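Subject: Structure handover

Hello,

Please look at the model first and read the notes alongside it.

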Amino acid sequence: MFEDLGVFLRLGDATDVVTKEMYDFEDKGGRRIALRPEHTAGICRSFAQHRPTTPWKVWYSGSNFRYEKAQAGRFRQFDQVGIEVLGSTDALLDVEVISLGWQFFQSLGLTNVVLMINSLGDPEDRAAYIEALREYFESHSEKLSEESRATLQRNPLRVLDSKRVQDKTIIDAAPTISQFLSEDAQAHFTKVKAGLDALGVTYSVNEGLVRGLDYYQRTVFEYVSTSLDSAQTAVGGGGRYDGLVENLGGPATPGVGFALGIDRTLLACDSEEVFQGASPQIDAFIVDVVDGMTALRLADELRAAGFTVDRAYDGRSMKSQMKVADRSGARIAIIIGPDEAEAGNCTVRNLMTSEQSLVLQTEVVTHLASIVGERNPRRNTQ
Ligand code: HAM
């Protein structure tokens with residue numbers, strides 16, 4: 001959950017996640033600690049520390065913290081599930097990683113998630129591109145929004161991320177990264193695309209996709225939900241970070257991975273209605289006008305058998321308990337009056353049809369199953 005602050009500071013001073021959004025504090029031993037804003041840096045720190053054999057394939061899930069302007073789909077604490085693979089530059093590994101994330105969204109039943117990919121080239125390509133962007137945006141800086149002018153000073157790449165209308169035409173005409181890719185980086189990207197084609201994974205190349213963290217080289221990608229109407233539509237993202245382990249003091253080791261945003265994925269699931277909501281209707285309501293002990297026992301037995309059951313409390317009258325039973329939306333009322341208590345049975349009334357019958361208390365579970373269907377037992381009642 002937390003790391004030495006230095007681990008994240010090495011991600012670069014052009015990264016907002018590090019410079020503006022990190023929660024950091026001093027612990028009782030005087031160490032500077034940060035709540036992790038993401039997992040990848042910690043994974044690379046761990047790799048550099050323990051030096052496992054490569055390729056090293058790991059996964060993680062857990063919370064991250066970013067001091068962002070909280071809004072729909074953007075939280076200060078959020079959860080990610082992710083994978084990282086360290087030790088290979090093979091473009092087909094990128095394909096495996098990207099398609100695994102893709103399959104995750106497919107298997108959830110989300111049909112409005114699109115995959116966007118791009119290549120940021122090798123460090124020299126990227127540096128040349130950033131320089132070209134700096135020159136270009138500076139020559140148009142009087143037309144840029146104030147926010148983008150400030151971003152330009154820190155990191156010209158991030159100006160491409162601006163969603164401000166004022167910046168749009170200038171961004172649309174900006175130089176694109178593909179003009180700066182080395183032959184190797186180009187060949188790598190072509191192989192990534194060919195691999196995705198071979199697996200039937202649909203994607204679009206988005207040259208404006210630069211990602212918010214600055215450790216990426218070559219492949220970057222994002223899964224975007226088109227059914228989220230907030231400004232925050234990326235449900236997951238990742239890419240290649242071949243220089244990061246070295247940067248953190250380990251041996252030069254390439255890496256690629258992704259993190260899926262669980263909170264936003266759930267929002268996308270809600271908006272596509274992929275999960276059936278739990279029914280608020282309960283199976284049975286127990287009315288016990290004797291002393292409540294039979295209701296206590298039967299409710300326990302029925303719940304153990306997997307039924308949803310409620311009951312009334314405080315020894316209320318039959319009339320008042322039946323009212324609550326009606327309001328509960330239960331399909332069945334199980335009624336125990338003095339006669340039933342004495343005979344060891346109960347009246348089972350179908351509240352939809354008003355049909356009713358006398359059932360032995362020992363047979364209530366089987367009887368209820370015959371009306372509402374079997375349920376998955378919650379615990380072994382033997
Ligand atoms: P990221 O794009 O910063 O990448 O985050 C990945 C995903 O986490 C986003 O697509 C989004 O769904 C979710 N997320 C990010 N910030 C928030 C927030 N404030 N509130 C809710 N959800 C959020 C990374 O974190 C990289 N470590 C991914 C990676 C792994 N790259 C290589 N390996």
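A polar side-chain atom of E38 sits 2.5 Å from a nitrogen atom of the ligand, a polar contact in the sense of a pair of N or O atoms within 3.5 Å. T40 also places a polar side-chain atom 2.8 Å from a ligand nitrogen atom. At V235 the polar atom belongs to the backbone, 3.4 Å from an oxygen atom of the ligand. The protein covers 96% of the 650 Å² of accessible area that the ligand has on its own (Shrake-Rupley method, 1.4 Å probe).

This is a predicted model, in which local features need pLDDT of at least 70 and side-chain atom pairs pLDDT 80 or more, while totals for chains, interfaces and linings use all residues. Numbering starts from 1 along each chain as its sequence is written, and side-chain values use heavy atoms, without hydrogens and water.

The ligand is surrounded by 27 residues, each with a heavy atom within 4 Å of it. E38, E68, F75, E84 and Y216 are the closest. Strand β9 (234–240) gives the most to this shell, six residues (strands are DSSP E runs of at least two residues, numbered from the N terminus).

Strand β6 (residues 113–119) has six of its seven residues buried, meaning under 20% relative accessible area with a 1.4 Å probe, protein chains only. β6 pairs antiparallel with β8 (residues 217–225) over seven bridges; pairing requires at least two DSSP bridges. N118 stands opposite V220 of β8.

Regards

Terms used:
Polar contact = N/O pair within 3.5 Å; in protein donor to acceptor, adjacent residues only side chain to side chain. Helix = DSSP H or I, 4+ residues; strand = E, 2+ residues; numbered from the N terminus. Buried < 20%, exposed > 50% of the residue type's maximum accessible area, 1.4 Å probe, protein only.
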